[in-house]
Every structure is written in structure tokens, then in C-alpha cells.
Amino acid sequence: MKTIRASIIGFGAVGRGVAKVLLDKRDYLRSIGIDLKVIAIADSRTAVVDSQGVDLASALSRKKETGAVGSDTISGTEIIRTVDHELVIETTPTNIETGGVGLVNMMAAFERGMDVVTSNKGPLALKYGEVMAAAKSSGSHCRFEATVGGAMPVINLACDVLAGNRMISMEGIFNGTCNYILSRMMEEQAPYEQMLAEAQELGIAEKDPSYDVEGIDTASKLVIVANSIFGMNVSYKDVTVTGITRITPEALSLANADGFAIKLIGEVNDSNINVAPKLVPLSHPLAVGGTLNVFSVQTDLAGPITITGRGAGSIETASAILSDIIGIYRN
Amino acid sequence: MRVSMDLELKDIPGQLVLALKPVSEFKGNLISVVHHHEKKTPRGKIPVHLVFEIKSDHLDNIISLLEESGISVVSVDEKRYLEHGAVILIGHIVHTDIKDTIDKIDNTGYAEVVDLNLAMPRINRPSSASLKIDAVSKQHMSAAIELLKSIAKEKDLLVIEPICVN
Ligand SMILES: NC(=O)c1ccc[n+]([C@@H]2O[C@H](COP(=O)([O-])OP(=O)(O)OC[C@H]3O[C@@H](n4cnc5c(N)ncnc54)[C@H](OP(=O)(O)O)[C@@H]3O)[C@@H](O)[C@H]2O)c1
């Protein structure tokens with residue numbers, strides 16, 4: 001049995017999902033030789049640290065009741081710098097301008113030779129090369145399945161399961177919020193603003209939806225895909241991005257009459273990385289509705305492979321984080 | 001490719017069937033037949049205009065078969081539009097001179113706007129349109145869509161093109 005001491009930095013939807021999943025899967029993890037002990041959890045203002053292992057159930061209920069995970073005032077970054085552990089589970093908010101605290105945390109972890117599993121797109125979409133070089137030079141693992149497509153296996157599918165294949169191109173729907181809005185606009189023949197408001201009401205879209213609807217989120221995910229799967233060296237600024245804010249219900253009907261849906265499609269191939277609304281034949285595997293995500297990858301040996309799944313959600317994203325953790329420590 | 005052909009038939013029964021037979025024999029896709037009964041030629045023949053799609057290597061066979069059965073082939077015009085594409089436009093489509101947009105595609109010689117559906121919800125609101133484009137080949141279709149995108153950029157229109165279907 002290997003004991004892995006871990007911190008969870010960021011205790012929002014995803015961080016809490018991770019705590020729940022770790023509670024749920026404790027016995028399973030033990031059965032495959034992993035004893036995962038969370039020794040610290042931090043949110044934006046507070047923290048709980050216990051080298052004997054934080055009680056995850058009470059941390060979850062404390063966060064729910066008081067809004068604070070602990071009573072310590074040590075920051076997440078200080079935890080990484082000063083508390084001994086092997087794994088940092090980084091689930092702080094994405095910042096696509098600077099990389100935010102996530103970038104600081106990841107670099108701090110690598111400085112101390114710790115492994116990182118993250119759902120935070122910012123650092124990787126902005127500075128993929130630097131981050132991976134830092135991980136490599138300190139012998140750290142850095143895994144980030146959860147950054148692209150939530151529960152859908154994208155990175156690990158391409159890098160592990162399809163190992164040996166050359167990836168020719170990838171295209172798909174990587175943002176559930178946009179997919180929801182476009183699907184509902186078609187169903188209701190309603191304008192963009194109205195269906196955005198509905199999505200916000202349902203908690204599917206953020207109060208400030210620009211990150212999703214302008215295509216920035218999709219672009220960040222594509223950059224991570226391009227760098228990690230296609231071996232490119234690109235950053236967010238290399239992507240041409242068009243969002244969905246100009247789409248009209250009339251355009252959706254006209255497309256429908258010709259046998260097409262309109263979807264916000266991200267695509268990567270050797271010549272370009274592009275996010276734009278596209279016409280997708282109604283019978284095509286990429287024409288999924290609701291908040292679903294989907295992608296197709298073209299490979300030289302296996303041909304096309306298409307995966308559909310939930311691109312976001314607390315437990316769904318935690319599932320991707322768990323698979324990364326197991327991927328690192330199983331052997 | 002798409003072929004438009006002018007034939008002259010003898011004015012006796014069964015000639016039209018005879019004229020269409022070679023097209024179907026080579027699995028052509030008949031698009032239109034116009035029979036100009038009223039325009040008899042001085043030699044007493046009846047002009048017929050055919051439009052059909054056919055694999056290009058079969059065209060010569062069709063012409064020989066027609067001539068063998070005594071039908072005169074007066075003219076053959078190949079319009080090789082093999083690719084059919086659709087795009088959606090959003091923006092002030094009419095006010096930015098829709099005719100100019102279409103002409104620029106048609107003037108390429110390799111692509112043509114063959115259908116347009118326009119939806120204008122209200123004055124001052126952006127309109128939406130679906131455009132069908134025919135082009136000579138896949139490459140020409142991409143070129144036509146690129147051209148349309150550059151026109152759209154000038155006119156601040158959004159072009160929604162199909163995904164590449166593999
Ligand atoms: N939600 C999803 O379905 C999903 C899917 C894939 C990827 N992601 C990514 O996963 C990350 C987390 O998403 P989320 O939905 O869990 O976000 P969230 O609900 O907003 O949670 C963010 C958490 O980070 C904490 N935090 C903020 N600044 C911090 C700091 N400086 N140090 C430590 N903690 C800090 C917040 O603290 P407070 O609780 O005190 O505010 C909160 O607990 C984001 O990068 C997101 O893009 C999310």
C-alpha cells in the first residue's frame with residue numbers, strides 16, 4: 001500500500017466533488033494499492049490542515065454551512081510551499097489572462113517536486129510549455145484530463161488508449177453552456193438573449209457568460225489539446241475565435257430546413273486551431289443536444305473515434321481528476 | 001459534372017425516350033428536359049434541351065449513343081458543378097448589397113450561388129440567410145467559401161460553414 005498525501009486547493013464545485021469522490025472510492029483506491037490521505041484543503045480565504053488526514057465529510061458540511069472550509073488562514077499557495085505532501089489537486093478558478101493563482105500553485109508544487117492533478121485551464125492554455133518543462137525538470141507528474149471536456153476522456157484517450165496512433169485532427173463541442181443555448185434557441189425559436197437568461201436561471205450559464213459564449217472556454221481547451229495531443233506549441237492567442245452571440249433563431253431554422261444544426265465547434269488540425277459556429281448535419285455524430293459535449297478524433301490507424309459525455313459538473317469533473325490520480329499512482 | 005445539351009429529334013413517336021435512354025444507361029441524373037414542340041426547326045426537327053449530371057468519363061459515350069440512334073447533338077455545355085455546399089449568413093445582408101455578394105461568387109467561374117433563402121425578422125435587426133453554392137470541385141468549394149468569408153468580413157457578416165465531414 002502506497003500512502004499519498006494530497007492537498008485540495010480550491011473547494012468549489014470541483015474541489016468538493018473530488019472530496020466526495022475520494023470518500024466514496026476510498027475502499028476501491030485501497031484495493032488497488034493507493035491510500036490517499038488529504039492533509040489540507042484551502043478555499044479563497046480559509047484552510048484546514050491536518051497531517052493525520054482531514055476528515056472530508058466534516059470539511060464538506062463545514063463548507064456547506066459556513067462557506068469556509070476551515071479556520072486556518074494559511075493560503076493554498078503557502079500550504080504547497082510549507083506542508084509536506086506528494087500531490088496537489090489544483091481546482092482554483094480559471095484565469096485566462098495571467099494564469100492566476102493556479103499557475104503560481106502549479107509552479108510552486110513543481111519547485112518542491114510534487115505531482116499536480118488539475119481542472120484549471122488557465123495555466124495550461126497560457127503557458128503549456130513552461131508548465132510542462134517545470135514539471136519535467138523536477139520529475140513531477142502533471143495531469144489535466146479534467147481541463148478538457150469534464151467527464152469525457154480526451155487527453156488520456158489520445159495519449160494512453162490510442163498510443164501509437166498519429167492524431168490527424170480533432171473537432172467537437174467542448175462547451176455545454178453554448179450547446180444548451182443553441183439547442184434551446186432552435187427548440188423554442190427564441191432569441192439568444194432569452195435562452196441565455198434561461199440558462200443563467202438554471203445555473204448552466206454564469207452571471208458573466210462571456211467566457212463561455214464568446215468561445216474563450218472552448219479555445220482554452222483546444223490549446224491544451226493542441227499542445228498535449230498534437231505536439232504543437234501554441235497559446236490561447238493563436239486560436240481564431242468566434243462565439244455564439246450573433247446567432248439568430250432564423251439562422252437556426254434555415255439551417256434546420258437544410259438538414260443542419262448550428263453548433264459551436266472547436267477544431268484542431270496541423271494547419272489551424274479554430275473555434276466558430278458551424279453547420280453540423282443533423283444525422284452527424286457531433287449533432288448532440290442539451291448540455292452534452294462531444295468530439296471526434298481522426299487517427300491514422302484506428303480511423304475516426306467519437307466520444308460523447310458530460311463536459312462539466314462537480315462529480316463528472318471529479319471523475320476525470322480521480323482517473324488522473326489513479327493513472328499516476330497505480331504502478 | 002453537370003451537362004446541358006441541345007438535341008434535335010425527328011418528329012415521330014418514341015424519339016424522346018430514345019434520347020433519354022443513354023443518359024439513364026450511364027446512370028446519369030436527369031435534372032430537366034424541355035421539349036420545344038412549338039419551335040420546330042426548318043428541317044422539321046424538334047429541339048430538346050436536356051440538363052443532367054453524369055460522371056465526366058461517360059459523356060463521350062452518351063454522345064456517341066445518341067448519334068448512333070440518329071439524334072443530332074447540336075451543342076454540349078459542360079458545367080462541372082460536382083460539389084454542393086450550404087452556408088448560413090447572419091448580419092445586415094440586404095443593406096450590404098446582397099447582389100454584389102452573390103455576383104462576386106458567380107463571377108469566379110468555378111462556383112455559383114444557386115439558391116438563397118432570406119429571413120428578415122425586423123428592421124434594424126440582423127437578417128439571416130441560407131445560401132446554396134455549387135462548385136466545380138471540393139477545392140473550388142473551399143475557395144468559394146474563403147472568398148465569401150473575406151467579403152463577409154468587409155461587410156461585417158457572420159458566415160457559418162459546414163464542418164468538414166470525413
Ligand atoms: N465546474 C465544472 O464543471 C468544471 C469543469 C471542468 C473544469 N473546471 C475548472 O475547475 C476549476 C474549479 O471550478 P469550480 O467550478 O469548482 O469553480 P468554483 O465553484 O468557483 O470554485 C473555485 C474554488 O476556488 C477557491 N479559490 C479562489 N481563489 C482561491 C485562492 N487564491 N486559493 C485557494 N482557493 C481559491 C474558491 O474559494 P471560495 O469557496 O472561498 O470562493 C472556490 O472554493 C476552474 O478552473 C474551472 O475552470 C470546472
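**View 1. Lys121(A) and Asp217(A) join their side chains in a salt bridge.** Here the N to O distance is 3.4 Å; a salt bridge means a side-chain nitrogen of Lys or Arg within 4 Å of a carboxyl oxygen of Asp or Glu. Please keep in mind that this is a predicted model, where local features need pLDDT of at least 70, side-chain atom pairs count only at pLDDT 80 or more, and totals for chains, interfaces and linings use all residues. Residues are numbered from 1 along each chain as its sequence is written, and side-chain values use heavy atoms, without hydrogens and water.

View 2. Domain 1 covers 2–151 + 314–329 and domain 2 covers 159–309, with bounds from an automatic or database domain assignment. The contact (heavy atoms within 4.5 Å) takes 12 residues from domain 1 of chain A and 16 from domain 2 of chain A. Together they bury about 1100 Å², counted as the accessible area (1.4 Å probe) that two parts lose on being put together, summed over both.

**View 3. Arg246(A) reaches across to Asp156(B) in a salt bridge.** Their closest N and O atoms are 3.4 Å apart, and the interface of chain A and chain B has 2 salt bridges by the rule.

**View 4. Chain A and chain B pack against each other through 22 residues of chain A and 22 of chain B.** About 1900 Å² is buried between the chains, 68% of it from carbon and sulfur atoms. In chain A, Arg246(A), Leu254(A) and Leu279(A) lose the most area to chain B, together 35% of what that side buries.

Technical notes: Chains lettered and ligands numbered in written order.
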